[in-house]
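Subject: Structure handover

Hello,

Here is the structure for your files. My notes on what was found follow below it.

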Amino acid sequence: MRMLKRASELILRRGITTYQSRLCKNDSLFRVHPSVSQALAENKPVVALESTIITHGMPYPHNLSTAKEVEAIVRAEGATPATVGVIEGEVCVGLSSEELNHLARCKSSLKVSRRDLPYVISKGLSGGTTVSATMIAAHRAGIPVFVTGGIGGVHRDGENSLDISADLMELGRTPIAVVSAGVKSILDIGRTLEFLETQGVCVATYGASKNFPAFFSPQSGFTSPYQVCNPEEAAKLIASTLSLGLQSGVLLAVPIPEEHAAVGQQIEEAIQAAITEASAKGVTGRDVTPFILQKVNDLTKGKSLQANIALIHNNAKTGSQIACALSKQMNERKLKGKTHHHGKHTSDSESDIVVIGGINVDFIAKGKTKTLQFGQTNSGSVCQSFGGVGRNIADSLSRLGRRPLFISATGADSHSDAVFNYCKHMNTSAVARLEDQSTATYCVVIAESGEMSLGLGDMDIHQQITEQYVSQFETQLLSATLVCLDGNIPTSTIDYVCSIASKQNLNVWYEPTDSEKACKPFLSDAWKSLAYSSPNLAELRTMNKTLGLPTPEVLPSSLDEVLSVAVALSRPLLEHLHCLVVTLGASGLLVCGEHDAGSVNLQPRKQKRRRRLCALYYPALTVTAEETMNVSGAGDSLAGALMAGILQNRDTDTCVQMGLLAARQSLVSPHPIAPTLTLDSVDPNRGQWPKPRFMWID
C-alpha cells in the first residue's frame, strides 16, 4: 500500500491524472477520439456535432450519409469534427466510422439528454446525444463550438404543460456556442426566446438581418436581440463570452439557405397538420418531435427531409468557419501576449525568466475490466498527455504574456517530435535534442476501478540537463529577473545555479516536484541562495528534515493546525529564503516572507537584510466535483501565474489571485495547463475576493 500511495503521488506530479482524481469522468465514462484530442492539444479548431439526428432525426440510410457528409464539410472547412454519442455506457467525443454506423442502424438507441446520462451510462446503453448532453460533453472536452440542426424550446401550450426542453437550461449554464437554424418550427418560438432571455443566453442571428429563423423558414415573425454578419464577428462574440466567464452559452441562429426556403410555407402547413394528428393520437413528451418530423416528411413527399439535410449542411459549413475564425483569433491573441509586454517586444535572448526542468510524454493505459490479466492483451484505452513540472510552468508563463527561456532535454525521437509540435507557442530554443537518448516517458496501467496495476518510467534523460549544458546559457541566467528550477534536474545542476545566484544576487525559485526531490538543494548550503520555493506541506517537512530540524511525524488535517505547522516549518528556511509559497491543495495556500505594509513582499529582493516576517493565508477558489476534470497541472499553473504577476510588478494579493484563477482553469480543463489560459482570464479585478488571513511569524 505504501508503494501504491507513493506511485499515485508520482503520477500526479508528473502530469498524469488517475481515475479517482478525474472523478471517473474521462477514463471510464468519457472518451475523446485521438484526432479530436490532438487538434485540441494543438489549438486547432474543433466542431462538436450531436447524434440524435442520427438516432432519431432521420431514417436509415439518410441518417448515416448525412452524418458522414456533415463531418466531411467540417473537415473541408479546416476544422476537426467531433460527433458526440453514447456507445455502450461510454460518452464518446468523436466517433469512428464503425460507431457512426452502429448508431445509425441501432433500433434500441435512446435519446440521451442531461437527465438521461446517469441512467444510460449505469446500464451500459447506447444512444444519440441531444443538444444539452452534447453541450456537456463538448464543454468537458474543451470544445467551444457546437453545430446542430435546431434546438429544442418551449413547446406549444407550454405555458400550461410546462414542457420546456432541457436545451434551454443547458444554454443558460454551459459556456458553449451553439450554431443552429434557430428553434425547431414545431415549438413556441416567442416563448422560447423569452425563456432564453431569462436564462441569460446571448442570442444573435447570423447574416444580413436580425430575423430569427424558424428551422425550415428564414423568418419566424420574431427578431434576435443581436446580429453578426460574418465568422469573424461571431468568433469575437464567442471569445467575449468565454473571457467574461459567465458560464452561459451563445445561440447563433443561421437561416436556411434561400434556395431551400421556398418550401417553408408548405412545410409549415404540414407541421400544423402533424401537430393536430399527434394531439389526437395522444403522442406526448420525447416522442412528439420524431412523430411530427416523420409525418411532415410523409406529407411533403420528402421535401422536409431534403430541407432538413440542406440546413444541417449549411450550419456545419457556417459553424466550421466560425470555429476556424475563433481558433485563429485566440492563437493570434496568445502570440501577441507572448511577444509584447507593455508594448515592448521580447526576443529569445531577452527573456526575463529562465525555467530549467523536465519534459515528460505521459501515457495512461486503463483497462475496461475489474481485473487485468497479465501475460495477455487486455481491452482498454490509452491516453497521451504532455507533462513535466518545468514544461508546465514554462507553458503557463508563455500563455500569460511572458517569453521564458526553457532549458530541458529530449531524445531525437518521435516523442520529441510530438512535444515540440505541442509546444510551438513556447520558446524551446534551449531544449536539447539528444541522439541515442529517449524522451522522458511515463506509462501507468490502471484497472477499471482506478487502482494502479503497474507503472513504468524512463526519466534518465533528465540527468542530461547537466551543469555543463546549462552553463552555455549563463548569460541568459545572469540577465534574468527570475530563474525557476524543478526538482527533476540533477543536484549538481541545482548547485551550479545556486552558486551563480550567491555571487550575482540572482533570484532563484525552486519547485520541489515531490517529497523525494524536495531535499536536493538542502543537501548542501545551496539552499541558502534560493529566493523562492513553492513546496506543499509534505515537501516543506522534507526540507526541514534534511537540515536536521525537528518535524512532525504525522501532518495535521484541520486547517488551523495545518497553518500552524506550515508557519513553524517555514520559519527556519526564511532565515535565507526571501519567500515561501506553501501550497495546501483544496485549502488554498500560505505565503510567508518579509512584512511590507500589512502584506508579504513578493517582489524580487535586491539584497539580503534583516526583516520582520509574516504570513498570509488565501483560501482556494471553489471548484465543484462536477467541474473538476484534471488535477495534475493546478500547482504548476498557480506557480506560473504567481511568477507572471511578480514579473509584472503586481501587488501580492493580485499575484496570488492570478495564481488561484490559473489553478482553477487548470482544474476544469482536460489539459494540465488550460489552453484558454490568458492574462484576461486571470484578471482578478472581475470578482470579489475575501481578505487573506494575516499572521505574524516570530
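**Charges and overall build**

The protein carries 64 positive and 66 negative side chains, and the centres of these two sets are 2 Å apart. Please keep in mind that this is a predicted model.

Its secondary structure amounts to 24 helices and 28 strands. The C-alpha trace extends about 85 × 60 × 50 Å along the principal axes. The radius of gyration is 28 Å, which agrees with the value near 26 Å that a compact globule of 698 residues would have.

Of the 698 residues, 58% are buried. The accessible surface is about 28700 Å², and carbon and sulfur atoms hold 51% of that. Among contacts with a separation of 6 or more, 72% are between residues 24 or more positions apart.

**Helix H7**

H7 covers residues 131-141 and is mostly covered, with 10 of its 11 residues buried. The buried set includes Arg 140, together with Val 131, Met 135 and Ile 136. After H7 comes Gly 142, which has a positive phi, near 90 degrees.

**Leu 251**

Leu 251 is part of strand E11, residues 250-253. Its relative accessibility is 0%, so Leu 251 counts as buried, the cut-off being under 20%. Which residues is Leu 251 in contact with, leaving aside its neighbours within four places in sequence? They are Ile 151, Val 178, Ser 180, Leu 196, Val 201, Cys 202, Val 203, Ala 204 and Phe 212. Ala 79 is 172 residues from Leu 251 along the chain, and their C-alpha atoms are separated by 20 Å.

**Aromatic pairs**

The search of the whole structure gave 6 aromatic pairs. One of them, Phe 386 with Tyr 422, is stacked, at 4.9 Å centre to centre and with 20 degrees between the planes. Phe 386 sits in strand E16 (residues 380-387) and Tyr 422 in helix H17 (residues 414-422), so this pair ties together parts 36 residues apart in sequence. Phe 386 is buried at a relative accessible area of 11%, and Tyr 422 is buried at 7%.

Phe 694 and Trp 696 also form a pair: the ring centres are 5.0 Å apart and the planes stand at 90 degrees, so the arrangement is edge-to-face. Are these two residues buried or partly exposed? Phe 694 counts as partly exposed at 31% relative accessibility, and Trp 696 counts as partly exposed at 39%.

Regards

Terms used: Residues are numbered from 1 along each chain as its sequence is written. This is a predicted model: local features need pLDDT of at least 70, side-chain atom pairs count only at pLDDT 80 or more; totals for chains, interfaces and linings use all residues. Side-chain values use heavy atoms; hydrogens and water are left out. Helices (H or I, at least four residues) and strands (E, at least two) are DSSP runs, numbered from the N terminus. The radius of gyration is taken over C-alpha atoms; the globule rule is 2.2 Å times the number of residues to the power 0.38. Buried means under 20% relative accessible area, exposed over 50%, partly exposed in between (1.4 Å probe, protein chains only). Contact means heavy atoms within 4.5 Å. Accessible areas come from the Shrake-Rupley method with a 1.4 Å probe; for residues, only the protein chains shown count as cover. Lys and Arg count as positive and Asp and Glu as negative; His and the chain ends are not counted. The place of a charge is taken as NZ of Lys, CZ of Arg, CG of Asp or CD of Glu. Rings of Phe, Tyr and Trp (its six-membered ring) pair if their centres lie within 6.5 Å; planes under 30 degrees apart count as stacked, over 60 as edge-to-face and the rest as tilted.
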